[in-house]
Structures are given as structure tokens and as C-alpha cells.
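This briefing is for a reader who is new to the structure shown below.

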Amino acid sequence: MKIPFDNTYSQLPEQFYQRQDPVPVENPELIRVNRSLAEELGIDADWLESSEGLAVLAGNAVAEGSEPLAQAYAGHQFGHFVPQLGDGRAILLGEVVSRSGRRFDLQLKGSGRTAFSRAGDGRSALGPVIREYIVSEAMAALGVPTTRALAAVATGERVFRQEGDVAGGVFTRVASSHVRVGTFQYFQARGEVESIRRLADYVIERHYPEALQAKERYLALLKGAFGRQADLVTHWMSLGFIHGVMNTDNMAVSGETIDFGPCAFMEAFHPECVFSSIDRNARYAWGNQGNIALWNLSRLAEALLPLIADEPAEAGEKAEAALAEFPDLFRGHYLRRLRAKLGLVGDVSDDMIQQTLQLLAAQEVDFTLFFRRLTQVAKGGDRDPLASLFSDAAAFEDWFAKWSAVERSESELVAMQSANPVLIPRNHRVEQAIQAAYAGDYSVFERLLAAYAQPYAEVAAYADLETLPKPEEVVHQTFCGT
Ligand code: AMP
Ligand code: MG
């Protein structure tokens, strides 16, 4: 086998998925293979780049050992429940076990219609392929749990979207799994308790094996998911990341970031910052992501209720008690991360965090540049680049006096440096890579990938990627576009 498939999801009962081969495309062209990720997965990168590999990545051939299928799931989209969503433009090719012994899904996105496509064409435009590739790889390099990019292919076919017809693409996604909160909801909506149990057992084995030791394993699974989401969402927030569509079908129970649709990194700080053109009520604003995580996890808890205890009242009480712990759990991670960004020690610092964020919001200061320059000041660098970010000098001086009064040891400096990246994928840069790709030029894409692979390093050649967009380059909205 060229790809060492070792599939488990396809062993689950038939109501979990629909078997479906990818639909071939006209004229596939390889844009890129993530060679280091391929090697880590035990896949020969040279083969992946060959015409045989390309055929598999485009969906024009089914590799030996692959058992293509579209996964079933449901989900709350912007708070409204849809009992059947499923992979409408994605195909799970199968799973591989990496060199380090971890199991991963390989999935094609944009690979044609499935039983779950509804009115959709099953395809993806090239833009979202480029976007997901750049942003998911940047997230991985930033240290955030995330799905990864194995390859991008241009299909040679046009896809029809609101903006007109554009070039199509296929993205190969690697994920610890694609089980979502919405996968549990799918069976809950059908009243299939045995399927919920099957899925929960599968998820425990794959993602939360420690729950097997617990007296109440399904409650342990739930609590495990709470811990990973609290850690994940605060990690996003600490980098100014706004997911944009935290629907329950876009929340992976593994605790990885999944679905880079209308996501964006915030520039001028504001807790209510939103980019997504479809998020009209600011449901998924930067500062609301913790509330939404809890809302989504409450849906997961509801789906697991029949497994938590036989008595509904008892199950409800146990789930409620676990959910009640989430806000403190979340706040603990949040404070830890923001303290690290500010180089603060211990509990004395909560006020300082509040004051800092208020100041940034009031003066519309760029989130990433602020923390990056603050880190330079903490290391003994020049203060002027930091001060220049503020239009109200007096307010800055006032704040700066308080921040400087805090004693910092070497360990706080190290923590600051690893919490405050030099580079994040700024929206206008991602947009430039997308526009160039549509024009057949992948050099911007390649350059961004190289730069964002080391987001904490100061590299002179990438200094231009640190800076803010020019007024005409500013991206005000992001679109799903798939
Ligand atoms: P998303 O908003 O990307 O999380 O997708 C939500 C749902 O819409 C999922 O069930 C997708 O499979 C489906 N979907 C999105 N785009 C398409 C498309 N072009 N063709 C078919 N299904 C789609
Ligand atoms: Mg999705």
C-alpha cells in the first residue's frame, strides 16, 4: 500500500456513514504536498507528488486500502438545529497511524457530491483551499491543536459561487478524527441510544483512553472534552483568533481546531470583533467564544445523557454539575494565557489584564503588534515602537507605569516570548495569496507557508509580514466561499 491505511471508522455500523467514492475531476494539477507531514504519516512524499499520488489527491483514483465514505452528522448552525448535515463535499479516505503512533484521518474536501450534499455541488473553490492550507499550518506552527494540510490540488474545473465562476480545488485534510459534537447529535435526533454508545466508546478509545479508568467513563469523556475545549478556545483567544463558525458541527470532540471557513485573526483589538459575513448577530465574536464553547458542550452533554445514568434526573444532575465547572475551568486557562502574554506572575494580575484589554480596545491597537513589541520592551528593547501604537500618549504612559512596576524573572520573559508570536497570518496576506493563486501564481502562497512555519522567530526577510495592511488592503469581512 502506498498509503498505509488502517481504517476503524469504516468498521462502525452502517448508519454512521455512506460509502462513496470521490468524483473525478477534469484536469487535476498538483499545487503542493506537505512533505514533512507526509513523512510523519509514513507516506512517501515523492509518490504523493507523482501522477499516481496526484490522482488520489484529486479524487480521480482510490488508493489501495482506502475505503472512501461520507460521514453522517447533524449540528446547530447559528443556534438552529439541523438534524442532518454530514459530509456534503468531503470524503474520508481512511486512517493512518503516524510514525509516533498516533491515528489520523485523511479526508478530501471538495471531492464531489455525496448523499449529504443537499443542494450543494460537493466542490470547493480554490480560495478556501489556499486559505485552509495557510491558516491550519500556521495554527499548527503556533502550537494550537488543529487539523493539518497534507495537499492542495487545482481541479481544472470551474465552480459557481456568488462572486461568479472561479477555479476549483481539492484540499487534503489530516485530523485526529472528524467526529464532531454534531456527530453525537445526529444519533440523538434519531433516538439511537445504542449508536450514541458506540460512538462514545469509539471516541474514548481514540481520544480519551484515560476515561476507561474512570468509574463513570461517559462523564469522564464529557469532562475530558470540556478540558480540551477550554484549553483550545483560550489558546485561540490569546492569539486574537476568531473561528467565525463555531457551530456544533464544526467543533471536533478531539479538541482540535477544525473548519477554517470565515476565520480571521483580529487586528485592532475589540472583544466584540467579528469578521464573518454570515455572523450577523456577532454570535461568534472574539470575546464570545468561551460562552459558545459552553453552549456547544451543553449540546454534547445532552446527547450523552442516556449514557451518564439510567435515571434521567440523575444523569441531568451529573451533567449539570460538570457543566457548572466549565466557566472556572475556562477562566483559569484564559488568565494563565493572558498572564503569560503580559509577563505577569501569580494572581495579582487580573486587574492588569482587564486594564490592558480596555486600553487596547479604546485605542484600537493591533493585538499582535502590541504583545510583540511589549515582549521586546520586556527584554530591554526600545520603548518607542510600543508607544507609537497608541494615539493617546497619556493613557499609554499611565498604563505603562503600572505594567513596568511588575518584577519579571527570566521565566516570565521566556513565557512572554512563547505566548506572543512575531507573525500571524494576517487577513490581507492570506487574501493576497488567494488572489495570486487564482491568477495561477502560487509564489505568495509558498512564501507565506515558509514564513508562518516559524511564527515566533524574527526573520528579517519576513519583516513586511508583521506590518498592518495599507488602507486599501484591509479585509473587513471573510466569507465561507466554499
Ligand atoms: P460548513 O459551513 O463548511 O461547516 O458546512 C456545513 C454543511 O454544508 C456541511 O454539511 C457541508 O458538507 C455542507 N456543504 C458546504 N458546502 C457544500 C458544497 N459546496 N456542496 C455540498 N455540501 C456543502
Ligand atoms: Mg463544517
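In what follows, Ala, Val, Leu, Ile, Met, Phe, Trp, Tyr, Cys and Pro count as nonpolar, Asp, Glu, Lys and Arg as charged, and the others, Gly among them, as polar. The model is predicted. Five cavities of 30 Å³ or more are found in the structure, and the helix pairs described here include α7 with α8, α10 with α11 and α4 with α17.

**The largest cavity**

- By class, the lining of the largest cavity has six nonpolar residues, six polar and one charged.

**Helices α7 and α8**

- Helix α7 spans residues 217-238 and helix α8 spans residues 289-308; their axes come within 10 Å and cross at roughly 170°.
- Because of that angle, α7 is roughly antiparallel to α8.
- The crossing of α7 past α8 is right-handed.
- On the α7 side the contact is made by Tyr218, Leu219, Leu221, Leu222, Ala225, Phe226, Gln229, Val233, Trp236 and Met237.
- On the α8 side the contact residues are Gln289, Gly290, Ala293, Leu297, Leu300, Ala301, Leu304, Leu307 and Ile308.
- The contact of α7 with α8 holds 16 nonpolar residues, three polar and no charged.

**Helices α10 and α11**

- The axes of α10 (residues 326-342) and α11 (residues 350-362) come within 10 Å, crossing at roughly 70°.
- This angle is why α10 counts as roughly perpendicular to α11.
- Arg331, Tyr334, Leu335, Leu338, Arg339 and Leu342 of α10 make the contact with Asp350, Met352, Ile353, Thr356 and Leu357 of α11.
- Seven nonpolar, one polar and three charged residues take part in the contact of α10 with α11.

**Helices α4 and α17**

- Helix α4 covers residues 126-142 and helix α17 covers residues 443-452, with axes that come within 9 Å and cross at roughly 10°.
- The angle makes α4 roughly parallel to α17.
- Helix α4 passes α17 in a crossing that is right-handed.
- From α4, the contact residues are Ile130, Tyr133, Ile134, Glu137, Ala138 and Ala141, and from α17 they are Phe445, Leu448, Leu449 and Tyr452.
- Nine nonpolar residues, no polar and one charged make up the contact of α4 with α17.

Note on methods. Residues numbered from 1 in each chain as written. Chains lettered and ligands numbered in written order. Predicted model: local features only at pLDDT ≥ 70, side-chain atom pairs only at ≥ 80, totals over all residues. Heavy atoms only, no water. Axes fitted to C-alpha atoms, helices over the stretch in contact; angles between N-to-C directions. Helix = DSSP H or I, 4+ residues; strand = E, 2+ residues; numbered from the N terminus. Parallel < 35°, antiparallel > 145°, perpendicular 65-115°, else oblique. Left-handed = near helix turned anticlockwise from the far one by under 90°. Contact = heavy atoms within 4.5 Å. 1 Å grid on protein atoms, 1.4 Å probe; cavity = no way out; pocket = protein on both sides within 12 Å on 5 of 7 lines; lining within 4 Å. Points joined across faces, edges and corners; volume = space filled by probe spheres on them.
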